[in-house]
Amino acid sequence: MIKEKYHRFRQWQQDPFDYHDSHHHHECCNCGGESDNNYCPRCGQKAVHGPITWKSVWQGILDVWGVGTRSLPYTLWQLVWRPGYLMRDYISGKRQVSFPPVKMLLIVCIASLVISNWIKPEEVVNPVVTSTGLRYYVDVVNNWLNVHMEWWILLAFSFLIVPIWSLFREAPKCYRHTLPQGFFIQVFVGTQFILLMMLIFIIASLFLLNYNGEYMGDLAIVLIVPLLLLIDFKQLFGYGWWGTLWRTLMAVPMSLLILKVLAYFGRAVLYLFEQGMGRQLWKLILIGVDRAVLLWLLMEIVGVVNRKEWHDKGWWQVVKRPVLVALVYLVVTVACYSLGAHGGLMSLYETYFGPMES
Ligand SMILES: [Zn+2]
């Protein structure tokens, strides 16, 4: 009994959609064209749409959330029970199965802001920003993100696009997904994340008095995000648990590197605005390049592991390029140390375990 229910659930997870032709001959109410399909082939109006009735009123109201398989509630429901499969359906071209993802993310974000503000009105504690020019905007955004950890994490999902693309390129399902497809994957993941955080926040505020969301960020980083990604990627890419686990874990330092590259180049731009050209500018750029080359090296290594070509191509053919990139990395990283900055590997180590004693 339970086994059969689980079996049916698994089937639903993998493909819940069932499209039928209407197969009755009718004349289109809009243009008069004749067909026996669900939609008029001439003007595109839905076959069931007749003159306005009470049903049309109801449908008009539902239209706000999309109708049929594309409805927002049903897409959110799928995001809870079959997230990875939904993503694969969508990016493989089955667009009708999902509410438009970017629009969905926006609606869920706004809803979450409204709800959390309604449950726990935010005391406005705006740190005074005294800086001017470009730095002013940087500081304002920084301050806001420091207070709202979960929005920071949402932003951080975009740093996952390139690592996930590199790590899961040769996945059995969703083979060779592209970066634009990766963008949509992260939009779905982000929506899922905000949804879950909102749920936890509501439950916590209802049952724990004086709860103000202070542990939300920590909880998310340690528990929720890894679990979410693991389930999503297992369903989406079709590797086993181990294959999914090490790739998901590997995505963390890789996206950290992207963050570091952006941070150093961002600081270089700020420096250029405030001080103009100078020695410090070149140092910042060099450190940024160092982190970028390290990321490139990791991507090359991951590529070798993923493709497993050494049986038919021979070792040297396979590791030729990674070795070359490793040499470039060595040169850049030595240059970094000569300027008194840490290399990329050491900076990753320090991010996890704190600064090295020297
Ligand atoms: Zn028509």
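Glutamate 4 is partly exposed, with a relative accessible area of 49% (buried means under 20% relative accessible area, exposed over 50%, and partly exposed in between, with a 1.4 Å probe and protein chains only). The model is a predicted one, in which local features need pLDDT of at least 70 and side-chain atom pairs count only at pLDDT 80 or more, while totals for chains, interfaces and linings use all residues. Residues are numbered from 1 along each chain as its sequence is written, and side-chain values use heavy atoms, with hydrogens and water left out.

Glutamate 4 pairs with arginine 8 in a salt bridge whose closest N and O atoms are 3.5 Å apart. A salt bridge is here a side-chain nitrogen of Lys or Arg within 4 Å of a carboxyl oxygen of Asp or Glu. The two residues are four positions apart in helix α1 (residues 2-14), which means that about one helical turn separates them. Helices are DSSP runs (H or I, at least four residues), numbered from the N terminus. Arginine 8 counts as exposed, at 52% relative accessibility.

The structure holds eight salt bridges. One of them joins glutamate 274 to arginine 135, with the closest N and O atoms 2.9 Å apart. Glutamate 274 belongs to helix α11 (residues 241-275) and arginine 135 to helix α6 (residues 133-147), so this pair ties together parts that are 139 residues apart in sequence. Both partners are partly exposed, glutamate 274 at a relative accessible area of 40% and arginine 135 at 33%.

Aspartate 290 and arginine 291 also form a salt bridge, and their closest N and O atoms are 2.9 Å apart. Aspartate 290 is buried, with a relative accessible area of 0%, and arginine 291 is likewise buried, at 3%. Helix α12 (residues 279-307) has 29 residues and reaches 42 Å from its first C-alpha to its last, close to the 42 Å expected at 1.5 Å a residue; the expected span is 1.5 Å times one less than the number of residues. Just after α12, lysine 308 takes a positive phi of about 50°. A network of salt bridges links Arg307, Glu309 and Lys313.

The zinc ion has as protein donors the SG atoms of Cys28, Cys31, Cys40 and Cys43, which lie 2.2 to 2.4 Å from the ion. Donors are N, O and S atoms within 2.8 Å of the metal (3.2 Å for Na, K and Ca); water is not among the atoms, so sites may look incomplete. Along the chain, the donors follow the spacing C-x2-C-x8-C-x2-C. The arrangement is tetrahedral because the four donor atoms subtend angles of 105 to 116° around the zinc ion (four donors count as tetrahedral if all angles lie between 85 and 135 degrees). Cysteine 31 is partly exposed, with a relative accessible area of 28%, whereas cysteine 40 is buried, at 6%.

A nonpolar patch on the surface is formed by Leu196, Leu199, Ile203, Leu206, Phe207 and Leu208, with about 630 Å² of accessible area together. Such patches are made of residues with over 30% relative accessible area and no salt bridge, nonpolar side chains (Val, Leu, Ile, Met, Phe, Trp, Tyr) being joined within 5 Å and like charges within 9 Å. Accessible areas come from the Shrake-Rupley method with a 1.4 Å probe, and for residues only the protein chains shown count as cover. Leucine 199 is found in helix α9 (residues 179-207).

Tyrosine 215 counts as exposed, at 52% relative accessibility. The C-alpha atoms of tyrosine 215 and methionine 149 are separated by 9.4 Å, the two residues being 66 residues apart along the chain.

How values were computed: Four donors count as tetrahedral if all angles lie between 85 and 135 degrees; four count as square planar and six as octahedral if opposite donors are over 155 degrees apart and all others between 65 and 115; anything else is irregular.
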